[in-house]
Amino acid sequence: MVSFLVRRLIVSVLILLAASFIMFVLAANSGDPLQDLRTTNAPNREQLIAQRSEVLRLDLPVPLRWANWLGGATGCLVPGAQLCDLGRTISGSAVLTVLPTAMSSTVVLVTGATVFAVILGVLVGVITALRQNTPFDLGVTLFSFFLYSLPSFLIAVLLKEFIAIRFNDFLVAGGRLSPGMVLGVGAVFGGAVALFSRGTRRRRWALFAIAAAASAATLGGLSLSGWFVDPGLGPVGLGLGVLGTAAVTVLLMDAWRGRLRWVTGGAALAGLLGCLLVQGALERGSWPIIFGVVFGFLGAGILGGFLAGGQERATAARIGGVVLTAAGLLAVVDRFIREWPAYVANPRVSGRPIATVGSETPGLTGDLWTVGMDRFTHLLLPTMALMLISFAAYTRYSRAGMLEVLDQDYIRTARAKGLPERTVIARHALRNTLIPVATIVATDIGSLLGGAVIAEHVFAIPGMGQLFNTSHRLVDLNPIMGYFLVIAIMAITFNILADLAYAALDPRVRVRG
Amino acid sequence: MSDQNRSAESPPPPQEFGDATPARGFGALVLRRFLRNRMAMVSLFLVLLLWLGTVVAIGLGPLPGLWKHDYSTLYPQHAGGRATLSLLPVWLGGEGIGLGEHPFGQSRIGQDYFAMTMRGIQNSVFVMVVIGGAGTVVGTVIGAIAGYYRGWVDAVLMRMTDVFIVIPTLVIGAVVGRTAGGLGIWFLAVLLALISWMPVARLVRAEFLSLREREFVEAARVGGAGNARIIAVHILPNAVGVVIVSGTLLAASAILLETALSYLGYGVQPPEVSLGRLISDNQSAFATRPWLYWWPAVFIVGLALLVNFVGDGLRNAFDPRQHRFRLRRTPGTRGGGRASSRAAAPPATEPENRSER
């Protein structure tokens, strides 16, 4: 294991060296860094050209400049010593100061997109596999093909035009849905449920009617009570959220039995009560309080489950931990949502909350909740644009994986033992489906980083992709190489992690040491 | 596609022995499965039709087209540059079915948008074919050599592949495209092909690694065949499924790569037209002249979708694992097919071929 890691790391460093050389040479030959100076009318043109040539060492041949850059970059490997030097941009600021600020937006963007794409993609993929060849399956497959063929710049522009601007208009107009809209959404939702279900035609029609009526009533109620202007989860929403988490946990862990039922129920109840109790503490926004709440809930859940679990204390502790952590997160989310009216009314935002440009509202100040809400409204659409593409791939991948797993002998064995279908799916099929998906997620990080270049371009977010894009237009090598260093190290790290994860999750794979 | 036809050029003669099923070769089976896949066939037909349509409309190279305008001339503003295409007949309250002067409208400086869009489709298809073709050839050669020789050759070639994989395709594509964009679309397409062969190489290598251990390779070697002959004549025809499928998926992602690069300004340069470039030039006019956005958008998505459907059809034709799962639902039939030796491998090939969008 250790020798495998060491070997992988050595090879990775060599790969990184070679890739940086290729990148440097290609980028250096892609244009002329003096372009803007050659066409300028400034009287001291020659002097400016000479000055920049000297700063960028244009007198040296490209491989030597690469070696020069590499020398500075190697200094970063020595911890403590102030040797780290990634060079300066054309405008004179050090890459080491430009890069971290640019990274923050991109990291949030890519992480958010990955998390949501994985959760939704696996969920939808597994469900379509379980309902193979239903109209629902066909519809989702076609839709994922469509998303798969949709370039991210198209998605981004469409989101900007249709979601952001329309939603803002909707809020400005008072935040009331028209009856036609309510009925339409209800009909679509009911249709999806009916197509998803298996059974007789009569049962489908009944399901359609129930689902359509329920969703239309909910939506209409929310609209009439002005929820879209002044949203919040409220005790009802919190309760539903906690109960939903508990239900999903029980399903996934296949723990609806004996004492664990009581543990789950107790955890859900405790979570709900806890949510309502900490609301006051969360009024003031600060990171220690938020972390305190979430980790306090986590600890309480694990401890409670452990104590109450009896013979199955390990499982009980996990259930308690998951349910209570979800409750803590819900409490935080609820606090965020309740910030919404104040945020919308802020003079800097002036009633149009969903932003289409930038990563923060200029000049907006406020506590953690306000600033957090501001980040959220700015990064929402680019994250969606990135997510939708990966979502399509993960859906198709987990669907194929689930179908493959369901065909294995051990599934037949599990069924033959007489295990309930729920157990077969949750315990035997789902877990094995997740193994290849985990590795795909890791290797997909490169395409997400590439997608971030486009998403940041469309939404004018000053992130790493934008840094690359603007530097590349100027043939500004140092920031390009800084960007390359970050994404290449990320890609390599995630690939190694993928290999290790595969070996850890799948006992059939052995890491050769 | 020519490989597809080649593998079926000698279908075994039908044998009418009572009710015995006629013997079919692998190629014939694959072709039959593909031809029966209605979605893939319709998609293939539509892609060819679309491309032929652009050739008929605006010509290709020395061939003149039928359409009266070309894609670079500036024309006087007609009807405010609005799209004059009308599909509603008069009796339904429309203006009658007709193309009008500028069916897709005019660009902001007055070019005929229909001719521009057609030219953009031609360029996209061209780049797709070159990247799909050249990328598949390079990837197949590298993958075949690495998988066949193993050892240090394999190690060197695969580390080389890793070097290229470390840089996201879109990023290295932007760097290469900035160099090549001004030098013409041929140059751009070939250079992009040289940076996008990696997924093909990996898949072909994996296939070669398993095929080289089979008995027929041993038999060929005993028969006196050299390495080159074994690779080209004995193993490659057996790996043709992987090659074709990964090549098609590469082609589908190539469309998105080219349009994305052109969107960022690194791909096809004016006066040449790219659908991605049309979108980036006109997205600020979305509210006032939406047709300038919609026409290229529809054709990018349509083209990529159709090619993806063809690729999916080919994959199902070569590896019809989907059929086995239906058996699970009908108890009493002959089992559900045994777990394949590939159980530990990722189940589908497609995300390996994703483009960086």
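Helices are DSSP runs of H or I with at least four residues, and strands are runs of E with at least two, numbered from the N terminus. The model is predicted.

Q: What share of the chain B contacts with a separation of 6 or more joins residues 24 or more positions apart?
A: Chain B has 357 residues, of which 45% are buried. Among its contacts with a separation of 6 or more, the share from residues 24 or more positions apart is 67%.

Q: How many residues form the largest nonpolar core?
A: The residues with the most contacts inside this core come from both chains: A:Ala156, A:Ala488, B:Ile131, B:Val166 and B:Leu192. Beyond its neighbours within four places in sequence, B:Leu192 touches B:Val127, B:Ile131, B:Gly173, B:Val176 and B:Leu257, where contact means C-beta atoms within 7 Å. A second, separate core of 28 residues includes A:Ala255, A:Leu282, A:Ala317 and A:Ile319. The largest nonpolar core has 170 residues.

Q: Which element gives the most residues to the side of chain A that touches chain B?
A: The contact takes 57 residues from chain A and 45 residues from chain B. Elements giving two or more residues to the chain A side include helix 7 (152–172), helix 15 (368–406) and helix 20 (477–505). The greatest contribution, nine residues, comes from helix 1 of chain A.

Q: How many residues on the side of chain A that touches chain B are nonpolar?
A: By class, this side has eight charged and 15 polar residues. Its nonpolar residues number 34.

Terms used:
Residues numbered from 1 in each chain as written. Chains lettered and ligands numbered in written order. Predicted model: local features only at pLDDT ≥ 70, side-chain atom pairs only at ≥ 80, totals over all residues. Buried ≥ 20, exposed ≤ 12 C-beta atoms within 10 Å, placed from the backbone. Contact = placed C-beta atoms within 7 Å. Core = buried A, V, L, I, M, F, W, Y, C linked by C-beta atoms within 7 Å. Nonpolar A, V, L, I, M, F, W, Y, C, P; charged D, E, K, R; others polar.
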